[in-house]
Amino acid sequence: MPYSHLNDYPADIRERATRVRLACFDVDGTLTDGRLYFDGEGSELKAFHVHDGQGLTLLGKVGIAVAFITARGGPIAKRRGADLGIDEVHVGVKDKLACVHDIAARLGIGMDQVSFMGDDLADLRVMLQTGFAVAPADAHRWVSERVHWRTTARAGHGAVREFCDLLLAAQGHAERLLDDLLRVEGVRVEGNA
């Protein structure tokens with residue numbers, strides 16, 4: 001049975017999704033719910049959704065490169081990227097657009113083949129230069145009004161997975177991945193459940 005939700009998306013969104021070869025993600029407010037937690041000693045904590053991790057893993061499996069690009073420093077984004085096998089994790093980035101241009105150039109792809117998912121003003125400049133700008137449902141209004149598409153899920157609550165599923169379906173990978181999962185071989189499943 002084909003991925004039944006693909007036709008729920010407008011034709012222009014499906015077309016943009018078919019071109020993506022590099023999917024870039026802001027971290028805070030996109031992969032997380034945007035809240036920053038600090039313990040009594042000042043160490044930062046973040047919560048990531050396991051569904052998002054599965055979606056990101058599946059993108060890598062089908063050859064869509066994934067990058068985390070965040071203005072904040074610290075080891076948490078690097079750790080999450082390493083957990084998911086993502087090599088392109090850039091923290092403390094002052095110019096996100098330059099970072100994305102560099103990654104795309106190294107991969108030999110044009111900016112029309114790049115997507116960027118972000119939630120606030122620090123992401124807007126780069127988002128508007130990509131072929132597919134995406135925001136979670138709860139992105140800041142100035143951003144959500146200017147992107148190509150918004151997820152129905154909120155940041156840190158499956159928004160990234162929703163976007164990954166769209167890319168996988170639009171590019172014709174969803175059915176094969178589902179078949180692989182039913183055979184319980186060939187796909188890294190996030191977590192132990």
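**View 1. Eight helices and eight strands make up the secondary structure of this predicted model.** The radius of gyration of the protein is 16 Å, close to the 16 Å that the globule rule gives for 193 residues, so the protein is as compact as a globular protein of that length. Along the principal axes, the C-alpha atoms fill a box of roughly 50 × 35 × 30 Å.

**View 2. Six strands line up in an open sheet.** Reading across the sheet, you meet the strands in the order β5-β4-β1-β6-β7-β8, and their pairing is parallel. Look for β5 (88–90) and β8 (149–150) at the edges: each has a single partner strand, so one side of each is left without a neighbour in the sheet.

**View 3. Here we zoom in on β7 and β8, which pair in the parallel sense.** Strand β7 covers residues 132–135, and two bridges join this strand to β8.

**View 4. Now for the inside of the protein and its contacts.** Of the 193 residues, 49% are buried. Among contacts with a separation of 6 or more, 57% are between residues 24 or more positions apart.

View 5. The protein carries 23 positive and 28 negative side chains. The centres of these two sets lie 2 Å apart.

Notes. Residues are numbered from 1 along each chain as its sequence is written. This is a predicted model: local features need pLDDT of at least 70, side-chain atom pairs count only at pLDDT 80 or more; totals for chains, interfaces and linings use all residues. Side-chain values use heavy atoms; hydrogens and water are left out. Helices (H or I, at least four residues) and strands (E, at least two) are DSSP runs, numbered from the N terminus. The radius of gyration is taken over C-alpha atoms; the globule rule is 2.2 Å times the number of residues to the power 0.38. Buried means under 20% relative accessible area, exposed over 50%, partly exposed in between (1.4 Å probe, protein chains only). Contact means heavy atoms within 4.5 Å. Lys and Arg count as positive and Asp and Glu as negative; His and the chain ends are not counted. The place of a charge is taken as NZ of Lys, CZ of Arg, CG of Asp or CD of Glu. Two strands pair if DSSP finds at least two bridges between them.
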